[in-house]
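Reader: Hi! Could you walk me through this model?
Author: Happy to, let's have it up on the screen.

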Amino acid sequence: MTKRPYVVDEMISAKTIAARIEDLSREIATEFSDTDKLVVVGLLRGSFVFIADIVRELDLAVEVDFLEASSYGDTMESSREVRILKDLRGAIEGRDVLVVEDIVDTGHTLTHVIKLLQSRNPARLKTIALLDKPTRREVDIRADWIGFEIPDEFVVGYGIDFAQRNRNLPYIGKVRFTD
Ligand code: PRP
């Protein structure tokens with residue numbers, strides 16, 4: 001599968017993403033305006049670009065932490081079994097937490113992560129996903145903030161990979177196989 005030749009067609013430009021992040025950051029800053037220091041948790045690896053842009057737009061005191069959850073490995077199909085490969089460095093009990101996800105597809109990853117983090121008794125736990133593919137959903141979950149709702153296309157870029165490639169594209173692109 002990964003050896004098939006493909007090209008990437010731009011779907012959401014870097015400029016459009018940046019404008020959306022400005023709007024989302026304002027909403028998030030309002031929600032957490034009473035927070036002393038917000039813990040922003042990026043889900044590795046896909047969210048590394050998005051979290052970098054979000055925290056730089058947020059006019060708030062933030063602490064950054066990461067959690068690595070994986071359900072896909074190098075395949076295109078969700079295994080539905082979410083594994084925690086790297087846990088948070090810090091405790092979140094009594095803290096305000098924002099989980100940053102690149103894409104919600106079947107919903108298994110975000111559901112699992114929310115359950116895990118809720119069990120640690122944060123004061124408030126909110127979620128943001130840059131992309132949402134609602135037609136693929138297998139569990140009833142929705143992020144509190146969503147950048148863009150997209151159709152069921154295979155997307156890459158802005159942190160999202162195809163077999164560990166294309167994460168460094170500055171835009172969101174659609175994979176188009178050329179064979
Ligand atoms: C991808 C993506 C999301 C998750 C969404 O992660 O980054 O975290 O899948 O899929 P779901 O809603 O069907 O659970 P992946 O496991 O591929 O790891 P990665 O972030 O390291 O690429």
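Author: One term before we start: contact means heavy atoms within 4.5 Å. Also, keep in mind that this is a predicted model.

Reader: Thanks! What do the buried residues of α3 pack against?
Author: They pack against β2 (38-44), β3 (62-70), β5 and β6 (124-132).

Reader: And which residues of α3 are buried?
Author: Those are His-108, Thr-109, Leu-110, Val-113, Ile-114 and Leu-117.

Reader: Nice. On to the ligand: which residues come nearest?
Author: Of the 17 residues around the ligand, Glu-101, Asp-102, Thr-106, Gly-107 and Thr-109 come nearest.

Reader: How far is a polar side-chain atom of Thr-109 from an oxygen atom of the ligand?
Author: The distance there is 2.5 Å. Glu-101 also has a polar side-chain atom placed 2.7 Å from a ligand oxygen, and for an N or O atom in the side chain of Asp-161 the distance to a ligand oxygen is 3.3 Å.

Reader: How much of the ligand's accessible area does the protein cover?
Author: On its own the ligand has 490 Å² of accessible area, and the protein covers 94% of that.

Reader: Which elements give two or more residues to the shell?
Author: Those are β5 (96-104) and α3 (108-118). β5 gives the most, with four residues.

Reader: How do the shell residues divide into nonpolar, polar and charged?
Author: Four are nonpolar, seven are polar and six are charged.

Reader: Changing topic, which residues of the largest nonpolar core touch the most other members?
Author: Leu-98, Ile-128, Leu-131 and Ile-172 do, in a core of 28 residues. At least two residues of this core come from each of α1 (14-31), β2, α2 (48-57), β5, β6 and β7 (145-149). Apart from it lies another core of 20 residues, including Leu-88 and Ile-92.

Reader: What is Leu-98 in contact with, leaving aside its neighbours within four places in sequence?
Author: Among its contacts are Ile-28, Phe-32, Val-40, Ile-128 and Trp-145.

Reader: Now the backbone. Where is the cis peptide bond?
Author: It joins Leu-44 and Arg-45, with omega about 0°. Arg-45 sits in the loop between β2 and α2.

Reader: Why does Gln-164 count as partly exposed?
Author: Because its relative accessibility is 30%, and partly exposed falls between under 20% for buried and over 50% for exposed.

Note on methods
Residues numbered from 1 in each chain as written. Predicted model: local features only at pLDDT ≥ 70, side-chain atom pairs only at ≥ 80, totals over all residues. Heavy atoms only, no water. Near = heavy atom within 4 Å. Polar contact = N/O pair within 3.5 Å; in protein donor to acceptor, adjacent residues only side chain to side chain. Areas by Shrake-Rupley, 256 points an atom, 1.4 Å probe, with all protein chains shown as cover. Nonpolar A, V, L, I, M, F, W, Y, C, P; charged D, E, K, R; others polar. Buried < 20%, exposed > 50% of the residue type's maximum accessible area, 1.4 Å probe, protein only. Core = buried A, V, L, I, M, F, W, Y, C linked by side-chain atoms within 4.5 Å.
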